[in-house]
Amino acid sequence: MTDVNGLSIGILGGTGDQGKGLARRFALAGHPVLIGSRSAQRAQEAADSIGAGAAGDENAAVASQADLVIVAVPYDGHKALLESLRAELAGKIVVDCVNPLGFDKQGAYALPVEEGSAAQQAAAVLTASRVVAAFHHVSAVVLMDPSVEKVDLDVLVLGDDREATSTVQALAEAIPGVRGVYGGRLRNAHQVEALTANIISVNRRYKAHAGLRITDI
């Protein structure tokens with residue numbers, strides 16, 4: 001397994017539920033964590049709320065300083081944010097966990113993305129970065145729950161750079177109970193992102209915080 005000890009992690013959109021939940025778990029695992037937001041003050045408030053040494057700053061500063069960056073922003077601001085951070089993210093592993101979803105009276109549904117998926121959109125924008133898709137199906141409620149010591153979850157990791165996907169798999173396993181599982185090339189990210197709509201439906205029907213486990217590996 002790839003050694004990720006000491007790897008600093010920046011989370012763009014870290015004031016949202018999923019971003020903050022991931023930040024909390026990685027900080028508890030001993031990683032230096034930087035939470036990014038449009039507002040440095042909001043980012044620092046989010047960092048203070050999770051503790052464990054996390055810090056907050058504006059997105060551009062976090063993108064520059066972190067070794068690896070996770071994108072956890074709402075889909076409607078996804079492309080514009082990444083376009084503004086091309087230089088700061090050049091040469092870095094960028095993990096996209098954005099789910100392009102819509103909601104109506106029937107529930108959640110997948111939105112079409114011109115590039116095929118949010119992760120492919122990120123790769124098209126960040127041509128000098130190493131884009132990986134992961135962490136799409138992680139419950140923010142579970143991540144933030146202090147009574148949950150081990151998260152019962154496999155994280156599907158997709159990408160075209162094997163070294164980068166191995167790094168993200170190892171990073172996923174820094175969260176107790178989580179296993180990082182290679183899920184294919186980046187071109188297969190669409191169905192992984194879209195599957196989140198199904199998981200939301202499961203959670204609503206069964207009043208649960210469901211995740212995924214892959215069998216026989």
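This report walks through the overall build of the chain, its sheet and its salt bridges.

A word on the ground rules. The model is predicted, so local features need pLDDT of at least 70 and side-chain atom pairs count only at pLDDT 80 or more, while totals for chains, interfaces and linings use all residues. Residues are numbered from 1 along each chain as its sequence is written, and side-chain values use heavy atoms, with hydrogens and water left out.

**The whole chain**

Let's start with the big picture. The chain holds 9 helices and 10 strands; helices (H or I, at least four residues) and strands (E, at least two) are DSSP runs, numbered from the N terminus. The chain's radius of gyration is 16 Å, close to the 17 Å that the globule rule gives for 217 residues, so the chain is as compact as a globular protein of that length. That radius is taken over C-alpha atoms, and the globule rule is 2.2 Å times the number of residues to the power 0.38. The C-alpha trace spans about 40 × 40 × 40 Å along its principal axes.

How much of the chain is buried? Buried residues make up 51% of the 217 residues. Here buried means under 20% relative accessible area, exposed means over 50%, and partly exposed is in between (1.4 Å probe, protein chains only). The accessible surface comes to about 10200 Å², and 48% of it belongs to carbon and sulfur atoms. Those areas come from the Shrake-Rupley method with a 1.4 Å probe; for residues, only the protein chains shown count as cover.

Contacts (heavy atoms within 4.5 Å) also reach along the sequence: among those between residues at least 6 apart, 71% join residues at least 24 apart.

An open sheet is formed by 8 strands in the order 3-2-1-4-5-8-9-10, with mixed pairing. Strand 3 (55–58) and strand 10 stand at the edges with a single partner strand each, so one side of each has no neighbour in the sheet. From one strand to the next, the twist averages 30°. For such angles, axes are lines fitted to C-alpha atoms (for helices over the stretch in contact), and angles run from 0 to 180 degrees between N-to-C directions.

Two strands count as paired if DSSP finds at least two bridges between them. Strand 1 (residues 9–12) and strand 2 (residues 33–37) run parallel and are joined by 4 bridges. G10, for one, has L34 in strand 2 as its bridge partner.

**Salt bridges**

The whole structure contains 7 salt bridges, each being a side-chain nitrogen of Lys or Arg within 4 Å of a carboxyl oxygen of Asp or Glu. Among them are these:

| Pair | Closest N and O atoms |
|---|---|
| E163 and R130 | 3.3 Å |
| D154 and R179 | 2.8 Å |

Take E163 and R130, which form a salt bridge. E163 lies in helix 8 (residues 162–172) and R130 in strand 8 (residues 130–133), so their pair ties together parts that are 33 residues apart in sequence. E163 is exposed at 56% relative accessible area, whereas R130 is partly exposed at 25%.

D154 also forms a salt bridge with R179. D154 is in strand 9 (residues 153–159) and R179 in strand 10 (residues 178–184), so this pair links parts 25 residues apart in sequence. D154 is buried, with a relative accessible area of 3%.

R213 sits in the segment after helix 9 (189–206) and D154 in strand 9, so parts 59 residues apart in sequence are tied together. Salt bridges with shared partners join D152, D154, R179 and R213 into one network.
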